[in-house]
Amino acid sequence: MDVQKFLEMGGYAQFVWPAYGLTALVLVWNWWSARRSETEAQNAARRRNELSSETRS
Amino acid sequence: MKWTWFHKLASPPHAYRILGRIAPWFGWAALALILVATWWGLVKAPADYQQGDGFRILYVHAPSAWMSMFTYVVMAVAAGVGLVWRIKLAHGAAAACAPIGASFTFLALATGSIWGKPMWGTWWVWDARLTSELLLLFLYLGYMALRASFDDPQRADRASAVLALVGVINVPIIHYSVEWWTTLHQPASVTKLDKPSIQLAMLIPLFIMITGFQLYFGWAISRRLRGEILRRERNAKWLEEAA
């Protein structure tokens, strides 16, 4: 495979690569954001548990 | 018919555990399929006879656009189930859909715009397809803003569910916009009842990418819904074990 030719994308490089790059960026952002949403909720639940066990004792 | 399986599935602790177990499978399968489809779409698929290599944007644009509508339908159905049967988990699922759907819609609009420049000679045109897709983005953003404006989660659930249900009318409008109005956007070339007007060698990577995006959605909603469950089950006993 000719790498140079592949990167040129038949003259459409300036459109094809940004489209794929943006897709990768949004998918990675969504991955990070979903993970963060879950771990934040877990941490908050953990803190609530600690607080409630402290008030009980 | 026994509904015990349904009640079990809708119980937050059970759903929390199941989602945690299936999420990694969705995630790894999605990653594998998206990588294969990217390679296939960029390298192996033949160039288009009219658009040359520029057509390869199809493999990220069409799946994003498809997922933007699919996610909205899932969100509206979940919101409707939550509203009618008062199932908290369903409201949680609807809330989890919104940010995922918004990002797919943004991606569909942005990649479409990038594709439009070389093929149509313009980044944007106010035609029916593009305008209704932009409206979809505003529906997602409006849904999230409405939820955020309530302190009481139950009121947020009900109000946002109504918005989600009203907005679902936009989905068939997006789909049929290319047939009902004269648009710059081309009509569907894959989802036709007779025969898709696209070559098989170009179609296979598209289907792989769509499946990959679906699995990615499965992963993302599993993670987000687990968060929603924890946020809603404030004082439940099982949380002590889960967290």
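Is M9(A) buried or exposed, and how many C-beta neighbours lie inside 10 Å of it? Before selecting that residue, note that this is a predicted model, in which local features need pLDDT of at least 70 and side-chain atom pairs count only at pLDDT 80 or more, while totals for chains, interfaces and linings use all residues. Residues are numbered from 1 along each chain as its sequence is written, and chains are lettered from A and ligands numbered from 1 in the order in which they are written.

**First stop: chain A**

Select chain A, which has two helices and zero strands; helices (H or I, at least four residues) and strands (E, at least two) are DSSP runs, numbered from the N terminus. The C-alpha atoms of this chain fill a box of roughly 70 × 20 × 10 Å along the principal axes.

Now pick M9(A), in the loop between helix 1 (3-8) and helix 2 (13-56) of chain A. M9(A) counts as buried because it has 20 C-beta neighbours inside 10 Å. The cut-offs are 20 or more other C-beta atoms within 10 Å for buried, 12 or fewer for exposed, and partly exposed in between, with C-beta atoms placed from the backbone. Buried residues make up 25% of the 57 residues in chain A. M9(A) also has a positive phi of about 50 degrees, although it is not a glycine. Most residues other than glycine have a negative phi.

**Second stop: where chain B touches chain A**

Show both chains together, and 29 residues of chain B are in contact with 25 residues of chain A, contact meaning that the C-beta atoms of two residues, placed from the backbone, lie within 7 Å. On the chain B side, helix 4, helix 8 and helix 9 (239-242) each supply at least two residues, and helix 4 gives the most, with eleven.

The contact includes Y59(B), W66(B) and M67(B) from helix 3 and M209(B), F213(B) and F217(B) from helix 8.

**Last stop: R86(B)**

Finally, select R86(B), which lies in the loop between helix 3 and helix 4 of chain B. Phi of R86(B) is near 55 degrees, a positive value in a residue other than glycine. R86(B) counts as exposed, because it has 12 C-beta neighbours inside 10 Å.
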